[in-house]
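Keep the 3D view open while you read.

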Amino acid sequence: MIEFNKTAIGFKSTPLVLIDSLKLDKGQLYILIGKNGSGKSTLLNAIVGIQDLLSGSILIDKKNIQSVSRRVLSKKISLVKPTFPQTDYLTVREFISLGRSPYTNALGRLRKTDNDIISKSLEILNITSLGNKFTSELSDGERQLVSIAKAIAQDTSVILLDEPTAFLDYSNKLLLHQTLKRIAKETNKCIILSSHDLELSIDTACDFLAINTKTSELTTLNSPVSKQDLLDIAFDSKI
Amino acid sequence: MNITKKQSAFLIIAGIILPLLCLTHLFSGQISIESQDFFDALFNYNDKSMSQKIVRELRIPRMVMALIAGAGLSLSGLLMQTLFNNPLAGPFVLGINSGASLFVAFSIMTGIPLLNSGLGIIPSALIGAFVFGIIILFFSAFVRSHISLLLVGLMLGSFTSAIVFIIQSASSSEELKSFTMWAMGSLQKTELSQLPIICLLFVTGVIGSMLLIKPLNTLVIGEDEAKLLGINHKTVRLLIISITALLTGLITALCGPIAFVGLAIPNLVRIVIKTQNHFTLILASILTGGAFILVCDILIQLLESSIHIPINALTSLVGAPFVVLIVLKRLA
């Protein structure tokens, strides 16, 4: 699904994340962990192609993301950003419908299948009732759910989520973990979620991607994972 | 994106009011003209009749120009607001008008052969608007904040007027007069024979914007998001700037600089119909903008016997307070 080859990611001459060789599989939910400033967002931006690589390559479905057009890439990979756009007069449903842009015609007309997919992504996250609200009226937590619904509507085989749970209450965090895990398995997607919720992620039996705090190497840890291991690798702390 | 009942009602009402305003505009003015003369002027023209001559040479061009100036500037404003994700953007504040003015000044008052040759005002204004569009686009890549971009636009405007002043002080009184006449702004200088090409350029701009509805709708949530949704943002940016330059340059060349329409009307439209669907926004901005300038010009003609108000002054009188209101509403 996603392959890294001698990839270095970061800014100018200071690499943040190094990946010698790594393959991420379909049907999996990975939790990306790392210290603040360790390069989690930068890594996700690099996978989605809006951050240039320092060296090496990233392949999706055996194709180098740097050489694939944005239009093609937008059908393969989506990113939920940690910030929500400040926009007046945009309803939740309209916002989520933008996730269908890669599939609609030049005028952006939604077909029946598009509308069905939008309704379904609202249902999956239990936010159907928000559909006709303006996005400017939502709470921070609701905005995160709405952003995730947009990514689900985009229906890509890779979904990246950049700290999507920061504002969510416990039950929504749990729901999100379980839902994403189920979506990954049922629809054979590769989902990467950056998060600081170690306990919750361990409890829901997720696999981890940890940015090593000493070497900047990205390592995979398959479930079951012990909290101490995670702390040792990603946070370099004995708690 | 769906159109609600309220939005379609707005479009229908605006669509009915606009032709009525056009008619009112045609019949306003110092000299009263019979409807028979209007009919004859169009379909059975007799160049000996004074009334028919007035219709063809004054009334119709002025009405069409008012309509196109309002519609075109509002549409430009809408496009720029979406492109820069900034409700306070517009062709005037971002200096697109200044670009057109500068190149018109070059064309009228300098001896630079390339600029004052047979090209005339319209192409100079178009080139100026486009060049300044590219400049502001260039700056937008570096300044992240809304306010900074507006400041860059304003500085661009001041810088340009300084150059224009210098050119003015160095030019002959004849050139100076013709530039000042142009810069005062007027809807009356267009001739009937120019209308077909003007309409063609305007319609090109409108159709071009309609073809950009999908990228415009995605740009509403930010350029990065639009990129992630597969929009080729570089091409789209260039197309939007080209359309804005085409419309603003054209209108500025013909009517002089007209302030605040491009900034105020799209905001008014958004506040009233509450949508980000650009199909509706484009139509509503065109209709409302056209109606606004028609009303302004009808007012000007009503007051003409006692006081002469330039169109630019009237739009500023109405537009500036409205923009302050928007700012206050945003801060509240």
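Before we look at a helix pair, one term: a helix axis is a line fitted to C-alpha atoms over the stretch in contact, and angles run from 0 to 180 degrees between N-to-C directions. Keep in mind that this is a predicted model.

**Two helices in chain B**

- The axes of helix α3 (residues 50-83) and helix α9 (residues 195-211) of chain B come within 11 Å and cross at roughly 25°.
- Angles under 35 degrees count as roughly parallel, and α3(B) and α9(B) are therefore roughly parallel to each other.
- The crossing of α3(B) and α9(B) is left-handed.
- On the α3(B) side, the residues in contact include B:I60, B:V64 and B:L75, while the α9(B) side brings in B:I198, B:F202 and B:V206, among others.
- Sort the residues of this α3(B)-α9(B) contact by type and you get 13 nonpolar, 3 polar and no charged.

**The sheet in chain A**

- Here 6 strands of chain A make an open sheet with mixed pairing, in the order β6-β7-β8-β3-β9-β10.
- At the edges sit β6 (77-80) and β10 (218-221) of chain A, each pairing on one side only.
- Neighbouring strands of this sheet are turned by 20° against each other on average, ignoring direction.
- Strands β3 (residues 28-33) and β8 (residues 190-194) of chain A run parallel, joined by 5 bridges.
- A:Q28 stands opposite A:C190 in β8(A).

**Helices lying across the sheet strands**

- Helix α1 (residues 40-48) of chain A lies across strands including β3 and β7, running at about 155° to β7(A).
- Helix α5 (residues 140-154) of chain A lies across β6 and β7 of chain A, at about 175° to β6(A).

Notes
Residues numbered from 1 in each chain as written. Chains lettered and ligands numbered in written order. Predicted model: local features only at pLDDT ≥ 70, side-chain atom pairs only at ≥ 80, totals over all residues. Heavy atoms only, no water. Helix = DSSP H or I, 4+ residues; strand = E, 2+ residues; numbered from the N terminus. Parallel < 35°, antiparallel > 145°, perpendicular 65-115°, else oblique. Left-handed = near helix turned anticlockwise from the far one by under 90°. Contact = heavy atoms within 4.5 Å. Nonpolar A, V, L, I, M, F, W, Y, C, P; charged D, E, K, R; others polar. Pairing = 2+ DSSP bridges.
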